[in-house]
Amino acid sequence: MAKKKETQPKESIQVKPPQVSVEDLLKFKEMINPEVFISSIPKKLSILPLRDIVIFPNMIFPVLIGRAASLMAVNEAIDRDKFIFVAAQRDQMREDLDIKDLYKYGTVAKVIQVLRLPNNLLKVLVEGFFQAKIVRKIENKQGYLEAEIKIIEQSYDETDVELKALIRRASDLFAEYVRVDRNLPPEVVNAFDSIENPTQKLYYGAANIRTVLEQKQNLLETTDIYKQYFELNKLLLSEIELKKVESEIDIKIQDSIQKNQRKYYIQEQIKVLNQELGDDVDDDVKPDITKLRKMLDDAALPPVAKEKMEEELDRLRKMHSMSPEYTTSRNYIEVVASIPWNKRTDDNYDINNVKKILDEDHYDLEKPKERILEYIAVLNFAKNLKKQILCFVGPPGVGKTSLAKSIARALGRNFVRFSLGGVRDEAEIRGHRRTYVGAMPGRILQSMKKAGSINPVMLLDEIDKMSTDFRGDPSSALLEVLDPEQNIAFNDHFVDLDYDLSNVMFITTANVKYDIPAPLLDRMEVIELTSYLETDKLNIAKKHIIPKLLNEFGMKNLKISFSDLAIKKIIREYTREAGVRSLEREIGAVLRKVAKEIVSDFGKEHKLDGLSSIVDSQEFKKSFKNKLSITPEKVEIYLKAPIFKDSNDKLKDKVGVVTGLAWTSVGGEILPIEVTLMPAAAEKLTLTGKLGDVMKESAMAALSFVRSNYNKFGVAADFYEKKELHIHVPEGAIPKDGPSAGVTMSIAIISAATGRKVRGDLAMTGEVNLRGEVLAIGGLKEKLLAAKRIGIKKVLIPKDNKRDVEDFKADITEGLEIVPVANVFEAYKHCFVD
């Protein structure tokens with residue numbers, strides 16, 4: 001941490017120690033006339049700010065100094081007969097001080113002794129002489145505070161009866177205060193009584209009271225001795241009452257501790273006597289024991305678990321209900337008893353019923369549905385397939401979670417779900433050991449408790465988004481859960497009993513298969529749910545989304561209809577996704593706008609509660625006939641300007657610009673590759689667009705291939721000499737990586753080097769090696785959909801991906817000329833306008 005500049009004294013400041021002893025100073029003070037002594041004190045004095053302390057007259061006090069301004073003030077005081085003005089600062093934490101930051105009243109003191117301490121601190125011993133106040137600030141260039149000071153001189157008659165009474169009352173109260181305050185020795189009272197001077201007695205008493213700084217400062221700012229003694233007596237009375245209350249609280253605490261100890265001792269004696277009599281259950285424990293016994297009987301535990309719970313229940317019977325361990329033990333038994341051990345639901349293996357439910361809940365998804373129906377068909381024979389753990393992989397919003405819910409509904413099983421996204425603690429899966437405060441079972445057994453049966457469908461969502469830190473690796477803990485050979489005896493740290501998970505149907509979901517830890521992936525059967533086509537989204541909106549939202553919004557009776565063109569407009573211009581979540585949000589926004597118009601216009605003359613009952617009236621139909629039919633024009637009115645608008649400029653023939661295709665976790669995207677050559681002092685390759693390491697290496701490989709085969713593409717041999725080749729991939733703020741743009745970069749380099757235009761209606765994808773071979777890539781379906789969306793006519797793909805195209809629906813490839821190529825030489829023939 002950086003130190004403040006004023007906490008260390010500057011080396012240039014040398015504090016001069018005074019040349020007079022304390023004894024000589026006191027003798028000198030007694031010998032001279034006070035009035036003469038006051039006149040010898042300079043009117044201008046340097047100021048020493050004090051923290052958390054008020055120094056009274058006739059008080060000797062050591063002050064630790066570290067601030068440079070304070071050191072200079074002490075040094076100046078020694079030069080001026082060692083007199084200095086000490087005053088408390090208002091804000092104790094403030095470092096840079098001005099006159100306004102100090103209390104106006106303080107004490108004129110004299111520096112008696114200076115001692116240098118370690119850590120560059122000084123210990124200055126000062127003695128207070130007179131009560132004084134600041135008249136005005138005096139500016140100086142040295143940086144310390146300086147002011148004109150006026151000494152407060154009080155006149156009083158020591159024989160005055162009122163003053164004597166105040167002093168006598170102060171003596172009695174001070175003696176009482178010392179008696180109740182354990183921190184002051186009795187000798188302080190004798191010293192107080194031995195002081196004859198009323199002013200000295202006053203300040204001696206005030207200095208020995210432990211109270212807040214403001215109250216002491218108030219005493220110092222009072223200039224009348226009668227009022228000062230009145231304030232002192234009031235302060236002493238207040239502190240005495242406070243000390244008495246503190247003492248009473250201490251006595252009560254001690255009594256409470258002794259009572260608790262005595263009660264515990266007696267309870268232990270009673271417990272021993274009860275054990276001798278054979279009745280060792282406390283009256284407070286009996287209801288809990290009866291309740292827990294019933295819970296354990298209803299749970300039908302397996303023999304090993306039942307034996308352990310009997311031992312735990314026996315331990316609980318012998319504990320006192322006020323014992324902390326009692327609560328922990330009771331909670332443990334309740335958790336074990338609430339977990340299902342034998343209760344199960346009846347499975348419905350009717351394959352026709354399963355197919356009907358899946359079709360009701362989801363449009364398309366033929367391959368996943370087929371695989372699930374195969375799974376259910378085999379269950380009709382095997383009844384329990386231990387090795388079948390399904391993993392749905394696909395972009396967000398394509399129906400992974402809802403498909404798992406449909407499976408549970410079709411089978412008649414309970415459904416539980418928990419998300420693994422962001423889980424980084426192994427205890428989230430296995431639970432915490434009971435020795436920890438606040439321990440609880442892991443998410444697996446908590447979900448089993450929530451399901452209430454031993455054979456639920458359990459969805460482990462976002463399994464690709466787990467992480468690892470110093471608390472353990474949750475993916476390793478999941479190995480036992482998802483391994484059919486191990487999950488028959490899953491051991492949670494909290495329950496500490498083997499639990500059979502083999503009856504659970506585990507389904508996991510992920511967005512990216514490659515982010516799933518390999519050992520986990522090896523234990524699961526992956527079912528890929530790919531992006532929806534536009535026709536799929538249209539049908540999903542008509543059959544599922546719109547009816548669902550109308551029902552949720554209570555607008556079912558309004559008979560609102562969306563035209564196909566209106567839905568397509570929303571899909572094309574307001575969403576850009578693989579699934580249908582954004583589509584559902586935008587359709588919901590349109591329905592809310594319609595509801596607002598109806599309520600604003602028609603609701604003026606009718607009660608809102610009656611709107612649902614009059615939607616069939618002629619008046620309503622006449623007023624809102626046009627508003628209940630959603631057209632593309634109304635979509636733009638409700639949703640404002642389109643968010644996505646594919647420009648025809650992307651399809652123009654250009655030099656050095658080639659359209660690539662990319663896969664993302666939310667679907668396919670086009671990836672323009674731009675290349676330009678420019679003069680330079682030396683050969684240089686510049687790559688921009690926030691490219692990852694793999695993509696940078698692909699660019700280097702593409703350049704090396706073109707340079708080594710320049711004569712086959714009509715490229716000049718010296719095209720790269722003293723040139724800078726710049727490859728840019730828009731959009732620059734979005735990170736990009738992967739090898740599939742290799743063929744695109746190769747063609748773009750050839751185009752820039754030869755000045756030939758590349759077809760604008762052409763797109764391509766494929767990894768390239770140094771021999772120019774175009775290697776297979778993934779995500780081809782999403783890439784073809786992206787190409788089709790912006791109007792691409794021809795797509796070059798790796799030859800090894802030809803078999804993937806054969807499995808695609810005709811809707812995907814319709815309107816696209818798909819050309820498989822084995823190498824860059826074959827791709828070269830299809831790319832250029834001439």
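1. Let me begin with a helix pair. The axes of helix α4 (residues 161-180) and helix α5 (residues 187-194) come within 9 Å and cross at roughly 165°, which makes α4 roughly antiparallel to α5 (an angle over 145 degrees). Axes here are lines fitted to C-alpha atoms, for helices over the stretch in contact, with angles from 0 to 180 degrees between N-to-C directions. The crossing of α4 past α5 is right-handed.

2. Which residues of α4 meet α5? From α4 they are Ala170, Ser171, Phe174, Ala175 and Val178, and they meet Val188, Val189, Phe192 and Asp193 in α5. Contact means heavy atoms within 4.5 Å.

3. A word on the basis of all this: the model is predicted, local features need pLDDT of at least 70, side-chain atom pairs count only at pLDDT 80 or more, and totals for chains, interfaces and linings use all residues. Residues are numbered from 1 along each chain as its sequence is written, and side-chain values use heavy atoms, leaving out hydrogens and water.

4. For the overall picture, the protein has 29 helices and 26 strands, taken as DSSP runs (helices H or I, at least four residues; strands E, at least two) numbered from the N terminus. Of its 834 residues, 46% are buried, meaning under 20% relative accessible area with a 1.4 Å probe, protein chains only. Among contacts between residues at least 6 apart in sequence, 74% join residues at least 24 apart.

5. The sheet I would look at next is open, with 7 strands in the order β19-β20-β18-β17-β22-β25-β26 and mixed pairing; strands pair if DSSP finds at least two bridges between them. Because β19 (684-688) and β26 (817-821) each have a single partner strand, they stand at the edges, and one side of each is left without a neighbour in the sheet. The twist averages 25° from one strand to the next.

6. Within that sheet, β17 (residues 657-664) pairs with β18 (residues 667-679) in the antiparallel sense over 8 bridges. Val658 stands opposite Ile673 in β18.

7. Two helices lie across these strands. Helix α24 (residues 693-708) lies across β18, β19 and β20 (723-728), at about 145° to β19. Helix α26 (residues 780-789) lies across β17, β18, β25 (794-798) and β26, at about 75° to β18.

8. Finally, is Asp834 buried or exposed? Asp834, in the segment after α29 (824-828), counts as exposed because its relative accessibility is 68%, and the cut-off is over 50%. Asp834 and Arg756 are 78 residues apart in sequence and 7.8 Å apart in space, C-alpha to C-alpha.

Technical notes:
Parallel < 35°, antiparallel > 145°, perpendicular 65-115°, else oblique. Left-handed = near helix turned anticlockwise from the far one by under 90°.
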